[in-house]
Amino acid sequence: MLQYLNRCSQGRGAWLLLALTALVLELVALYFQHVMLLQPCVMCIYERCALFGVLGAGIVGAIAPSTWLRYAGILIWIYSAYEGIRLSWEHTMIQLHPSPFATCDFAARFPSWLPLDKWLPSVFVATGDCAEKQWEFLTLGMPQWLVVVFSVFMVIALLVLIAQFVKPKRRDLFTR
């Protein structure tokens, strides 16, 4: 399996699949926000940014998968998945154990050199409350599902990282 993951990581298809998966999840989030009229909170916006990080990792890896950019893509992927797990876990704890002392901000804090909420407010402006459960599927809320999603991204990313140290089998057509 690791040899297979090593071969896949050296081709564009797997990286584009990663980017497409993250893009579909971003589009689902925008569907929830603009069609189902669910209001994203600050934690939702930060989790969305982590998902954009996974999307960016897929794009970086797809640029030149047989060069060092593949390793940059893997590192971005692992970091984004880690941040996604951390943020969605914190969001889950806010929802499962509401407290007046553990709340989230009213507005997302982006760096002055990257004011995403100013550049694209329909995607990055928070209007909801972190403690409010607006959606549930199979008894899990949105942040709980995001813990699952980011954990799957993390497991796959770590397997791909480990696979980089496994030499792929040489396929020789004349050994049959």
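User: How many helices and strands does the chain have?

Analyst: The chain has seven helices and two strands, where helices are DSSP runs of H or I with at least four residues and strands are runs of E with at least two, numbered from the N terminus. Along the sequence the pattern reads α-α-α-α-α-α-β-β-α. The model is predicted, with local features needing pLDDT of at least 70 and side-chain atom pairs pLDDT 80 or more, while totals for chains, interfaces and linings use all residues. Residues are numbered from 1 along each chain as its sequence is written, and side-chain values use heavy atoms, leaving out hydrogens and water.

User: Why are helix 2 and helix 3 called roughly antiparallel?

Analyst: Helix 2 (residues 12-34) and helix 3 (residues 42-63) pack at an angle of about 155°, with axes 8 Å apart. Axes are lines fitted to C-alpha atoms, for helices over the stretch in contact, and angles run from 0 to 180 degrees between N-to-C directions. Angles over 145 degrees count as roughly antiparallel, under 35 as roughly parallel, 65 to 115 as roughly perpendicular and the rest as oblique. The two helices, helix 2 and helix 3, are therefore roughly antiparallel to each other.

User: Which residues of helix 2 and helix 3 meet?

Analyst: Contact means heavy atoms within 4.5 Å. On that basis, residues of helix 2 including W15, L18 and L25 meet residues of helix 3 including L51, V54 and I59.

User: What makes L140 partly exposed?

Analyst: Buried means under 20% relative accessible area, exposed over 50%, and partly exposed in between, with a 1.4 Å probe and protein chains only. L140 has a relative accessibility of 26% and therefore counts as partly exposed. L140 lies in strand 2 (residues 140-141) and touches W135 and W145, not counting residues up to four places away in sequence. Of the 176 residues of the chain, 38% count as buried.

User: What is called a nonpolar core, and which residues touch the most other members of the largest one?

Analyst: A nonpolar core is a set of buried Ala, Val, Leu, Ile, Met, Phe, Trp, Tyr and Cys residues joined through side-chain atoms within 4.5 Å. In the largest, of 22 residues, W15, L18, V54, W77, F150 and F153 touch the most other members. The largest share of this core, seven residues, comes from helix 7. F153 touches residues including L18, V54 and W77, not counting residues up to four places away in sequence.
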